Amino acid sequence: MSHASGGPEIEQLIQLLSRLPGLGPRSARRAVLHLIKKKEQLMVPLSAALDRAVEAVKVCQTCGNIDTISPCTICADPRRAESGLLIVVEDVADLWALERAGVGPVRYHVLGGVLSPLDGVGPDDLSIDALARRAADYSEIVIGVNATVEGQTTAHYITDRLAGTGVKVTRLAHGVPVGGELDYLDEGTLAQALKARTSF
Ligand SMILES: [Zn+2]
C-alpha cells in the first residue's frame, strides 16, 4: 500500500500526518517534504511546539474547552458570568468559532458530540448531566448545535431535560446567512427563515 521512498521515520511521519482532518496521504507527503526542506525554520520549531503542547494542553473540567489551564480562561473570567448566557456547542471547534465571531462575554458548554443512535452515541456519552448541573447558574441556555438532524434531536433532548430547571432555553436562529441570496438557498433553509422571521 505505501510506496516507501524515505526511511521508516519519514514514512511514519507521513502516516501520522495523513490522519489529520483535511490531509490525505498525498497532502501529508507534501507537508512532510516541505517540513524536511524547511528543517530549521519549520520542522524544529514545530517539533518543540508539539512537545510543549503535549505537556500543557488541558481539557477544562467545567466546560470542556481546551486550554492550558483548568478551569479555562473563559470559565475563570468573572465578567463572562454577567451576561448570564451559556451557549451549548457540539465541539471545541464551534466554541472557538463563536469566540472568533466575537459573540460577547458569554460562557460555553461543550457536549462532545450529538446524540446519534446509529453510531451508538447516547445521552451518557455527552456531557448533558454536567450541563444540567450548571444550568441553574445562568439565566439563559442557548443551544448552538449544528443544524443537522442529529443536532436538532440533541437540542430537543436537552430542552426536555432542562425543562424542570426553570432556566430559559433558546436556540440559534436558522435561516438566511449574512450576505446570502434567496435564490441560492435550499427550500429547507428558506422555509426555516420564514418561520423564524423577526420584527424590524
Ligand atoms: Zn471552561
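I began with Ile-66, which is partly exposed at a relative accessible area of 35%; I take buried as under 20% relative accessible area, exposed as over 50% and partly exposed as in between, with a 1.4 Å probe and protein chains only. The model is a predicted one, in which local features need pLDDT of at least 70 and side-chain atom pairs count only at pLDDT 80 or more, while totals for chains, interfaces and linings use all residues. Residues are numbered from 1 along each chain as its sequence is written, and side-chain values use heavy atoms, with hydrogens and water left out.

On confidence, I noted a mean pLDDT (the predictor's confidence in each residue, from 0 to 100) of 93 for the chain, with 98% of its residues at 70 or more.

I then placed Ile-66 in strand S2, residues 66-67, where strands (E, at least two residues) are DSSP runs numbered from the N terminus, as are helices (H or I, at least four).

Next I looked up the zinc ion, and found Cys-60, Cys-63, Cys-72 and Cys-75 coordinating the ion through their SG atoms at 2.3 to 2.4 Å; donors are N, O and S atoms within 2.8 Å of the metal (3.2 Å for Na, K and Ca), and since water is not among the atoms, sites may look incomplete. Along the chain, the zinc donors follow the spacing C-x2-C-x8-C-x2-C. I also checked Cys-60 and Cys-63, and both are buried.

Last, I turned to Asp-124, which lies in the loop between S4 and helix H6 (128-135) and counts as exposed at 76% relative accessibility.
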